[in-house]
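The sequence and the three-dimensional structure are shown first.

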Amino acid sequence: MPQAAQNPFDSLASLRGAVDLSALKARAQAPAPAPRAAAPAASAADGAEPSGGAGSYRANVTEANFQDVVELSVQVPVILALWAQYSPESQRTLSLVEDLVNRQDGTMVLGAVDVEAFPEIMQAMQISGVPAAVAVVKGQPVPLFQGPVEEAHLEALFTELLQLAQANGVHGRIGPVSGAGAEPAEAPLPPLHQEALEAIESGDYAAAERAYQQALDEQPADHEAKAGLAQVRLLLRLDGLSATDAEALRQQAAADPDDVEAQLRLADLDVSGGHVEDAFSRIVTFIGRHFGPERETARVRLLELFEVVGVKDPRVAAARQALARVLF
């Protein structure tokens with residue numbers, strides 16, 4: 001079940017300070033870091049152009065344009081939706097949020113936040129995992145949800161959000177923001193990267209894996225191919241895993257903490273759901289308690305998940321330190 005904030009629409013004033021946006025506003029004029037170029041797992045989260053085309057009400061949020069997006073909240077509610085390439089669930093949720101925002105026909109705007117490219121935004125919003133969303137009304141945050149959310153629940157949240165906005169004097173309508181804050185057009189992908197991307201979009205993860213592996217064989221220093229390969233292998237390991245399978249896996253991992261395959265599969269599941277710290281902690285703990293081949297298997301998987309999340313992510317840095325402590 002999605003975790004919506006308790007009574008989030010009772011009073012706008014009661015939510016002041018729930019999310020600290022001031023640090024991001026202060027850095028709004030600073031140059032934004034370039035986003036990672038590894039292929040996304042869903043077209044709705046491509047990070048370059050809003051999927052709604054010319055009529056879209058989605059803007060891609062960076063530190064550089066953050067304040068511009070937030071300032072729209074004096075006219076209409078702004079939905080800041082957090083997603084990541086390593087989390088297919090967050091990409092599904094982003095696509096759902098975008099579709100619902102576009103249906104509002106200018107009475108709200110979506111700000112899509114790629115937390116891999118801009119982890120500082122996630123930290124400032126005090127969000128621990130994706131998918132998640134926070135609305136902004138007159139510059140003030142309104143927590144919406146953290147975790148998977150279904151369309152009917154999201155529609156209800158949006159209805160109440162619009163009522164809250166109207167009660168606080170925010171009842172405008174704006175035109176499409178297609179391209180507002182979007183990154184400049186990127187150079188064409190290398191042929192094998194493009195091949196992998198097309199395979200991912202068609203659901204052929206095995207073909208994407210082959211393309212990325214070939215790119216690495218030809219260019220061992222191709223860091224984007226390495227990250228893409230790690231992401232595709234995660235998708236392959238989770239492909240076809242049902243909710244029932246996931247629950248059974250959690251029970252198996254809890255019952256047998258020495259089962260390396262169960263621990264690693266559950267770590268995969270946690271990463272895909274945005275519970276990155278839990279996944280890293282699980283594997284580091286296993287490594288600290290075991291020796292021999294199983295320990296090495298777990299170490300290799302952990303390094304691969306570092307690539308999935310992004311080697312510059314602060315959670316990866318913390319996990320590397322924890323890994324060094326148990327290894328040495």
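## Overall fold

Of the contacts in the protein between residues at least 6 apart in sequence, 73% join residues at least 24 apart, a contact being heavy atoms within 4.5 Å. The model is predicted: local features need pLDDT of at least 70 and side-chain atom pairs count only at pLDDT 80 or more, whereas totals for chains, interfaces and linings use all residues. Residues are numbered from 1 along each chain as its sequence is written, and side-chain values use heavy atoms, with hydrogens and water left out.

The protein contains 13 helices and five strands; these are DSSP runs numbered from the N terminus, with helices being H or I of at least four residues and strands E of at least two. Of its 328 residues, 50% count as buried, where buried means under 20% relative accessible area, exposed over 50% and partly exposed in between (1.4 Å probe, protein chains only). The accessible surface comes to about 14,700 Å², and carbon and sulfur atoms account for 52% of that area. Accessible areas come from the Shrake-Rupley method with a 1.4 Å probe, and for residues only the protein chains shown count as cover.

The loop between α4 (119-124) and β4 (132-137) holds P131. A cis peptide bond, with omega of about 0°, joins V130 to P131. Q126 is found in the loop between α4 and β4 as well, and its phi is near 60°, a positive value in a residue other than glycine. Q126 is exposed, with a relative accessible area of 52%.

K138 lies in the loop between β4 and β5 (140-146). Phi of K138 is positive, near 55°, again in a residue other than glycine. With a relative accessible area of 45%, K138 is partly exposed.

Helix α6 (residues 191-201) has as its buried residues L192, H193, A196, L197, A199 and I200. Viewed down the axis of α6, these residues fall within an arc of 165°, so they line one face of the helix; the arc is that of the directions from the helix axis to the C-beta atoms. An α-helix has 3.6 residues a turn, so residues three or four places apart point the same way.

The buried residues of α6 pack against α7 (205-218) and α8 (223-238). On the face turned away from the buried side, α6 carries the exposed residues P191 and E201. G203 follows α6 and has a positive phi, near 85°.

## Helix pairs

The axes of α3 (residues 88-103) and α5 (residues 151-167) come within 11 Å and cross at roughly 45°. Axes are lines fitted to C-alpha atoms, for helices over the stretch in contact, and angles run from 0 to 180 degrees between N-to-C directions. The two helices α3 and α5 are therefore oblique to each other; angles under 35 degrees count as roughly parallel, over 145 as roughly antiparallel, 65 to 115 as roughly perpendicular and the rest as oblique. The contact is made by L96, V97, L100, V101 and R103 of α3 and by E151, L154, E155 and F158 of α5.

For α11 (residues 276-289) and α13 (residues 314-327), the axes come within 9 Å and cross at roughly 10°. That makes α11 roughly parallel to α13. In α11, V276, E277, F280, V284, I287 and G288 meet R315, V316, A319, A322, L323, V326 and L327 in α13.
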